[in-house]
Amino acid sequence: METLKILEPNFIGFSLFFSIIYFFGYFIIFKDWKEKLKFDASSCIMSLVHGTPATILSIYSISQTSFQILDFSIKNSTFQEMILEYSIAYFLVDLLHYLILHPSDILFIAHHLATLYVFLTCRFIVHHGGVTVISLLVLAEITSPLQNIWSLARYRRIDTPIAAKLYDKLSPVFYMLYSLVRGILGPLFVYKMGLAFASGKGDGVICRAMWMSWMVVIVSAILVSILWVMNLWVDLFRERQRKLLKKCN
């Protein structure tokens with residue numbers, strides 16, 4: 001019965017909010033863009049509206065927490081659960097975007113599904129571990145502004161020289177920041193999280209099957225992110241090499 005509370009007003013309101021942002025981007029902000037790009041650009045705007053506020057709210061919530069980030073014994077606060085609802089709504093709407101328009105983009109779909117599993121179970125089933133999960137959210141979304149500006153420039157780089165130049169300038173900067181957060185800081189935090197669970201800090205509030213499943217999907221999501229940015233690095237080096245060879249010839 002607890003899981004039925006997913007239909008509570010806050011969650012429905014956030015879902016409608018992100019849907020409105022998505023279609024506002026499609027029909028207003030990017031109305032003059034190519035049809036396919038309008039949808040992807042609208043997804044970026046929705047991501048911006050989610051990522052930056054979610055990061056700021058999460059950092060504020062963590063700063064107000066008197067207990068350790070990896071202490072699972074304290075029940076989620078109302079504010080933490082609101083942040084989770086806000087993020088769940090975004091990931092669900094964006095997941096629909098990928099399932100409908102990019103069903104072959106397995107990496108992003110898998111990432112969204114993994115994220116939703118942890119957020120949904122933390123918010124609506126176990127009601128513990130919220131401060132830990134929103135700490136992961138900070139690590140995941142801290143690169144959101146740069147990533148979405150980079151994405152918008154990538155979509156338009158063929159059509160406008162300014163976008164192409166911005167894309168070329170931002171790519172190595174974004175890749176380095178993303179690699180640092182997702183390739184080093186994220187795995188380090190998850191490692192400490194796993195040690196905390198294994199030491200019994202979640203016993204009595206988060207069952208073993210649940211926290212083990214969390215670890216599996218979180219590690220999987222990190223691996224997906226690392227694989228994604230590795231592919232971007234490979235593409236960047238290939239493109240730079242191609243331009244260099246063309247210049248030499």
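This is a predicted model: local features need pLDDT of at least 70, side-chain atom pairs count only at pLDDT 80 or more; totals for chains, interfaces and linings use all residues.
View 1. Lys-36 counts as exposed because its relative accessibility is 52%, over the 50% limit. Asp-40 has a relative accessible area of 7%, under the 20% limit, and is therefore buried. The structure holds seven salt bridges.

**View 2. Arg-123 forms salt bridges with Glu-81 and with Glu-85.** Between Glu-81 and Arg-123, the closest N and O atoms are 3.0 Å apart. This pair links distant parts of the chain, with Glu-81 in helix α3 (residues 78-101) and Arg-123 in helix α4 (residues 106-126), 42 residues apart. Glu-81 and Arg-123 are both buried. The side chains of Glu-85 and Arg-123 meet at 2.7 Å, N to O. Here too distant parts of the chain are linked: Glu-85 belongs to helix α3 and Arg-123 to helix α4, 38 residues apart. Glu-85 is buried, as is Arg-123.

**View 3. Charged side chains lie over the rings of Tyr-26 and Trp-33.** The charged end of Lys-38 is 4.3 Å from the centre of the Tyr-26 ring. Arg-156 lies over the face of Trp-33, 4.8 Å from the ring centre. Arg-156 also belongs to a network of salt bridges with Lys-34 and Asp-159.

**View 4. A nonpolar patch on the surface includes Phe-23.** The patch is formed by Phe-23, Phe-24, Phe-27, Ile-28 and Ile-29, which together have about 500 Å² of accessible area. Phe-23 is part of helix α1 (residues 9-29). With a relative accessible area of 44%, Phe-23 is partly exposed. An unreviewed UniProt entry lists residues 12-29 among its "transmembrane region" spans. In the model, residues 12-29 are 100% helix and 0% strand, and the end C-alpha atoms lie 24 Å apart.

**View 5. Leu-37 and Leu-57 are 30 Å apart in space, C-alpha to C-alpha.** In sequence, Leu-37 and Leu-57 are 20 residues apart. Leu-37 is found in helix α2 (residues 35-63). A relative accessibility of 15% is under the 20% limit, so Leu-37 counts as buried.

**View 6. Aromatic residues form one cluster.** Its members include Tyr-98, Phe-108, Trp-150, Tyr-167 and Phe-237. The structure holds 28 aromatic pairs.

Note on methods:
Residues are numbered from 1 along each chain as its sequence is written. Side-chain values use heavy atoms; hydrogens and water are left out. Patches are made of residues with over 30% relative accessible area and no salt bridge: like charges are joined within 9 Å, nonpolar side chains (Val, Leu, Ile, Met, Phe, Trp, Tyr) within 5 Å. Accessible areas come from the Shrake-Rupley method with a 1.4 Å probe; for residues, only the protein chains shown count as cover. A salt bridge is a side-chain nitrogen of Lys or Arg within 4 Å of a carboxyl oxygen of Asp or Glu. Helices (H or I, at least four residues) and strands (E, at least two) are DSSP runs, numbered from the N terminus. Buried means under 20% relative accessible area, exposed over 50%, partly exposed in between (1.4 Å probe, protein chains only). UniProt positions are given in the numbering used here, feature names are shortened, and annotations may be inferred rather than shown by experiment. Rings of Phe, Tyr and Trp (its six-membered ring) pair if their centres lie within 6.5 Å; planes under 30 degrees apart count as stacked, over 60 as edge-to-face and the rest as tilted. A charge sits over a ring if NZ of Lys or CZ of Arg is within 6 Å of the ring centre and within 35 degrees of the ring normal.
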